[in-house]
Amino acid sequence: MKSKAILLIILLIPIFLPRVSAQSPLVIVPLNDNFTGVPGDTIIIPFQLRNLGNQTVSNVTVYVTGPAEGFLYGSKVIREPIEPNGTVQDTISVKLLNLDPGRYNLTIVARAGSSYSEARITISVKTLVDYALRIDVNDEYTYGSNVTALLKITSQANGVIIGRLGYTLSRDGTVLETFTTTIYLRPGESWVKELKLTTPRVGDYSVYFWANFSGRFKSKRATFRVYQRNLRYDAYFKDGAIYVHVYDENRQGVPDISVKINGIPFKTDDGGTVSYLVEKPGTYEVVLNLDGKIVTTFVEVRKLFLSATQENETLLVRVVDSTGKPVPNITVTASGPLGKDYSATNSSGIAEIDLEKTGYGTIMLRAESSRYMGGETSVKVAPPAKPTQTPTTTTTPPAVTTTTPAKPPKNYGPLAAILLIAGVLLAGTSYLAFFRPIIQEEMLDRYYFVKVRAPKLRVMEGFRFEKGVNAIEVKATKGRAEIKDGLIVWEIEHLEPEEEAYLQVILG
């Protein structure tokens, strides 16, 4: 019985013993376990794989683990078979990112199937001394502008860095200002300096910016120019507005020029122009900043005033400005019950209106000019009184008795005088029609027309016509027409008999 129990125990032993299979232990050994670097470096870790088992190992994965931030870990697969007791050497990399200085422990791991091996390595991160310099300033500034140069240094180190920095400002080679200081910067921190120049003088400027941290020296230079243009301007009143035009040497309009009209600020547009509508006459002050040169001028805005007197069928309209001075070459429009008439003032400021064209009653008068603020008024006119005829008294002389009266000549009464006057008129009319040119004038709104016709029986040579009107444009179908000193002058060298020519005038 005892022997049977022993035999049963012997038979059950294999059941409780673990199974025995082929072993394939894998060992990874770093060939260097201490490394040093700075942020941005890539650390190359050499290692050796050993197969201590009795089976061949292949497709071994090798990788590095450690802190979750600050490192970029590499990995690789070694596909080369490793025989039992065989070895393989290779490398794996780790990139250092934005790490603070210090010692960091990492683990290198090798895995093949369910077998793996690991080993520790140490990386010492040193302080990285690095920074960036920057100067922000434009290339050119017009004289009268303020200039700001921005100096900036930014730390790119992984720890606190201490050093010195400074700058030098010069104009045309002459040093204007120098500055130095000692600072410290934390990682990513910046030092900023605004170098402000208030309306600097004309010249070529240079800014030299330098720094030295832990023996690492850097510098940067920037240049800019302050210049003044030769600007010109026109300031005038026209068509109800004050205009200011600023232009350069090439007559090109200059934009963004500061202009004040009676204290109201403006900026010239892309064409170099400012316009300001005015509603009343007076003296307007215009102040311009021409690249730092302050110029003050004045624009006189005057208004037209009208008064009128009647002389029979003619209305004499007098036009003066705000100062009471007569104004020539002003177009006067008269509107009455029958229609309109137009006239231009002469050198005394007087315009003549034909009342037969306007009719009698209330006449509206208006004076217009691009150079003045327009004026208007109304007057009442009456038809002129017709002259009364005085009856002629005939006195009969007493009869005289003669012994032998002579035969008196035949008395035709006033017939002879009538025939004589008719003859003269006929001769004059024939002369005008056959030997002298015929000139006709007509006005319509702002248009003034002149027609000339050559005589019927002869050629017209050297014709010249002059008229004092406020004209802005003239056109002629024949000859040459121009505006000169407040007059329109029309000259025709030759016209054939009965040939016609026309002149068109646009009034101002």
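Q: In this predicted model, why is F179 called partly exposed?
A: F179 has a relative accessibility of 27%. Partly exposed residues lie between the buried limit, under 20%, and the exposed limit, over 50%. A value of 27% falls between these limits, and F179 is therefore partly exposed.

Q: What makes the charged end of K193 count as sitting over the ring of F179?
A: The charged end of K193 is 5.4 Å from the centre of the F179 ring.

Q: What lies over the face of Y131, and at what distance from the ring centre?
A: K218 lies over the face of Y131, at 5.1 Å from the ring centre. This distance is again within the 6 Å cut-off.

Q: Are F71 and Y73 buried or partly exposed, and how do you know?
A: F71 has 6% relative accessibility, which is under 20%, so F71 is buried. Y73, at 26%, lies between the limits of 20% and 50% and is therefore partly exposed.

Q: What makes the pair of F179 and W191 stacked?
A: The rings of F179 and W191 are 6.4 Å apart, centre to centre, with 15 degrees between the planes. The distance is within 6.5 Å and the angle is under 30 degrees, so the pair is stacked.

Q: Where in the chain do F179 and W191 lie?
A: F179 belongs to strand 14 (residues 174–185) and W191 to strand 15 (residues 190–197), and the two are 12 residues apart. W191, at 16% relative accessibility, is under the 20% limit and therefore counts as buried. Ring pairs link Y167, F179, W191 and F209 into a cluster.

Q: Why is S117 called buried?
A: The relative accessible area of S117 is 11%, which is under 20%, so S117 is buried. S117 is found in strand 9 (residues 115–125). A polar atom of the S117 side chain lies 3.1 Å from the backbone nitrogen of I28. Apart from residues up to four places away in sequence, S117 touches L26, V27, I28, I108, V109 and A110.

Q: How do you know whether N51 is buried or exposed?
A: N51 has a relative accessible area of 0%, under the 20% limit, and is therefore buried. N51 is located in strand 3 (residues 42–51). The side chain of N51 reaches the backbone oxygen of E83 at 3.3 Å.

Q: What makes A501 count as buried, and which residues surround it in contact?
A: A501 has 0% relative accessibility, which is under 20%, so A501 is buried. A501 lies in strand 38 (residues 500–507). Its contacts, neighbours within four places in sequence aside, are V450, K451, V452, T477, K478, W490, I492 and L495. A501 and K451 are 50 residues apart in sequence, with 5.9 Å between their C-alpha atoms.

Q: Why is strand 28 described as largely enclosed?
A: In strand 28 (residues 340–344), 4 of the 5 residues are buried, so the strand is largely enclosed by the rest of the structure.

Q: In what sense do strand 27 and strand 28 pair, and over how many bridges?
A: Strand 27 (residues 331–335) and strand 28 pair in the antiparallel sense over 5 bridges. At least two bridges are needed, so 5 bridges qualify the strands as a pair. A344 in strand 28 is the bridge partner of T331. The hairpin of these strands has 4 residues between them, and G339 takes a positive phi near 160 degrees there.

Q: What makes strand 25 and strand 29 edge strands?
A: The open sheet of 3 strands has the order 25-26-29, with antiparallel pairing. Strand 25 (305–311) and strand 29 (350–354) each pair on one side only, and they are the edge strands. The twist averages 25 degrees from one strand to the next.

Q: How do you know that strand 26 and strand 29 pair?
A: Strand 26 (residues 314–320) and strand 29 share 5 antiparallel bridges, and the requirement is at least two, so they pair. V317 has A351 of strand 29 as its bridge partner.

Conventions: Residues numbered from 1 in each chain as written. Predicted model: local features only at pLDDT ≥ 70, side-chain atom pairs only at ≥ 80, totals over all residues. Heavy atoms only, no water. Axes fitted to C-alpha atoms, helices over the stretch in contact; angles between N-to-C directions. Buried < 20%, exposed > 50% of the residue type's maximum accessible area, 1.4 Å probe, protein only. Polar contact = N/O pair within 3.5 Å; in protein donor to acceptor, adjacent residues only side chain to side chain. Contact = heavy atoms within 4.5 Å. Phe/Tyr/Trp six-rings, centres within 6.5 Å; stacked < 30°, edge-to-face > 60°. Lys NZ or Arg CZ within 6 Å of the ring centre and 35° of its normal.
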